[in-house]
Amino acid sequence: MSSSLEKSSENSSTWQSILGVQTIVIAGIAWAVLALLYFLLFSISAPGEDRPLWYTIGTYIFEEVAYLGAAVLCFRNWRSPQIVSGRNVWLGFGMGMLCYFLGNLLFCYWELVLHQEPIVSPGDLFFVPAYLFLGWGMILAVISRRLNLEIWQWAVVGAIAFVGIALALWLSFAPPKQSTAVSVDSLPTSSTQVANANLAKKANAYGTPTAYPATKAPAVKTAKSAQGKASATGVLAATAEPASPPAWVISVEKLLEPLAGFLNIFYVVIDIFLLIIAATVLLAFWGGRFSQSWRMIAGAAFSYYVADMWLKYADTYIGDEYQSGGLLEVFWVFSGVLFAIGAALEFDTSSRSRRSGRKRA
């Protein structure tokens, strides 16, 4: 009996050391730095060439590990009775991170396995509740605090709201970039040969048969998902007919396509809301014992806003030429890392606060 208790206590101490705040913070910073270096070194491709498939897979790995780690740590806070800021707050954050992880995983399957670029991705079915859960957690955090902000603090919130709304409106109402597809017929003979060679290279990269009809123009990329990223699997499609996707895939895309207009508006509105509420929460917790964790949460919400607005900018001003994996998409990795670090700091501060309270008693 005593040996089993000793083993359980050893396992508990080992697990606590693995999930210790210093370990998590160092690991999170290291992951963010590695992601930044990865994006900096490999996100730039030669003009007219696609980013390699391995690079796109790597971007998904960086994002998914960050989201899954953040979800685990947020759920740990939810299950702990010691959390001062409220367990339901972290339940909302944990569900948001988990939904974002699942949505990103589904989007990865749609993009890299099925080679589809629907107007509305099935991943949006998880992205929407992810943002709603995050917003719910933020609201609960504000409600749990008595907002007694000073005038300068309200002015900061107002300035952030003004800038965020102005940027979103500028990107939302800007005229979209027109497609710049060029017919192979209009090229000189030498250019046509080069174009056919490029098409052959892309066809071989994806295992499709090669064909060189000089009269057919290469197809450009189709419309991107309302939330998600443009596919990195072909700015120019091979002239040979690719394998048709399964019928159920086409049915799902047609079923979701009418949601495109709603999702475009929803993502802009929810990004602005999260930015404003995060600034409010940060100022509400400013200077307290829990200010460090909420600085991380506010930074995570800001990272979401930067990444989403960059995608909106790319969709508007770069158009069909944009490939997924742009440099500023690294902010999606930052958001997951910051949520994880914030959850770890909150857990550590709450645990130390409870222990010191018992000692004083």
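Student: Which residues in α6 meet which residues in α9?

Tutor: A word on the source first: this is a predicted model. Now the contact. On the α6 side, the residues are Trp152, Gln153, Val156, Val157, Ile160, Ala161, Gly164, Ile165, Ala168 and Ser172. They meet Val268, Ile272, Leu275, Ile276, Ala279, Thr280 and Leu283 in α9. By class, the residues of this contact divide into 13 nonpolar, four polar and no charged.

Next, the geometry of that pair. Helix α6 covers residues 151-172, and its axis comes within 10 Å of the axis of α9. The two axes cross at roughly 165 degrees. Angles over 145 degrees count as roughly antiparallel, so α6 is roughly antiparallel to α9. The crossing of α6 past α9 is right-handed.

Helix α9 also packs against α10. Here α9 covers residues 260-284 and α10 covers residues 291-318. Their axes come within 9 Å and cross at roughly 155 degrees. That angle makes α9 roughly antiparallel to α10. This crossing is left-handed. From α9, the contact uses Asn264, Asp271, Ile272, Leu274, Leu275, Ala278, Val281 and Leu282. From α10, it uses Trp294, Arg295, Ala298, Ala301, Phe302, Tyr304, Tyr305, Asp308, Met309 and Lys312. The residues of the contact divide into 13 nonpolar, one polar and four charged.

Helix α10 in turn has α5 as a partner. The axes of α5 and α10 come within 13 Å and cross at roughly 145 degrees. The crossing of α5 past α10 is left-handed. On the α5 side, Tyr131, Leu134, Met138 and Ala141 make the contact. On the α10 side, the residues are Trp294, Ile297, Ala301, Tyr304 and Asp308. By class, this contact has eight nonpolar, no polar and one charged residues.

His115 lies in the loop between α4 (87-113) and α5 (124-144). Its phi is near 55 degrees, a positive value in a residue other than glycine. Most residues other than glycine have a negative phi. With 39% relative accessibility, His115 counts as partly exposed.

Phe107 sits in helix α4. Its relative accessible area is 6%, so Phe107 is buried. Phe107 and Asp124 are 17 residues apart in sequence, and their C-alpha atoms are 8.3 Å apart in space. Cys108 is also buried, with a relative accessible area of 19%. The cut-off is under 20%. Cys74 counts as buried at 0% relative accessibility. A search of the whole structure finds zero disulfides.

Now follow the chain past α10. Gly326 is found in the loop between α10 and α11 (330-360). At 2% relative accessibility, Gly326 counts as buried. Leaving aside neighbours within four places in sequence, Gly326 is in contact with Phe39, Arg51 and Trp310. The C-alpha atoms of Gly326 and Leu40 are separated by 9.2 Å, although these residues are 286 residues apart along the chain.

Val21 lies in helix α2, residues 21-42. Val21 and Ala343 are 322 residues apart in sequence but 9.2 Å apart in space, C-alpha to C-alpha. Leaving aside neighbours within four places in sequence, Val21 is in contact with Ala344, Leu345 and Asp348.

Last, the whole chain. It has eleven helices and zero strands. Of its 361 residues, 46% count as buried. Among contacts with a separation of 6 or more, 82% come from residues 24 or more positions apart.

Key. Residues numbered from 1 in each chain as written. Predicted model: local features only at pLDDT ≥ 70, side-chain atom pairs only at ≥ 80, totals over all residues. Heavy atoms only, no water. Helix = DSSP H or I, 4+ residues; strand = E, 2+ residues; numbered from the N terminus. Buried < 20%, exposed > 50% of the residue type's maximum accessible area, 1.4 Å probe, protein only. Axes fitted to C-alpha atoms, helices over the stretch in contact; angles between N-to-C directions. Parallel < 35°, antiparallel > 145°, perpendicular 65-115°, else oblique. Left-handed = near helix turned anticlockwise from the far one by under 90°. Contact = heavy atoms within 4.5 Å. Nonpolar A, V, L, I, M, F, W, Y, C, P; charged D, E, K, R; others polar. Disulfide = S-S within 2.5 Å.
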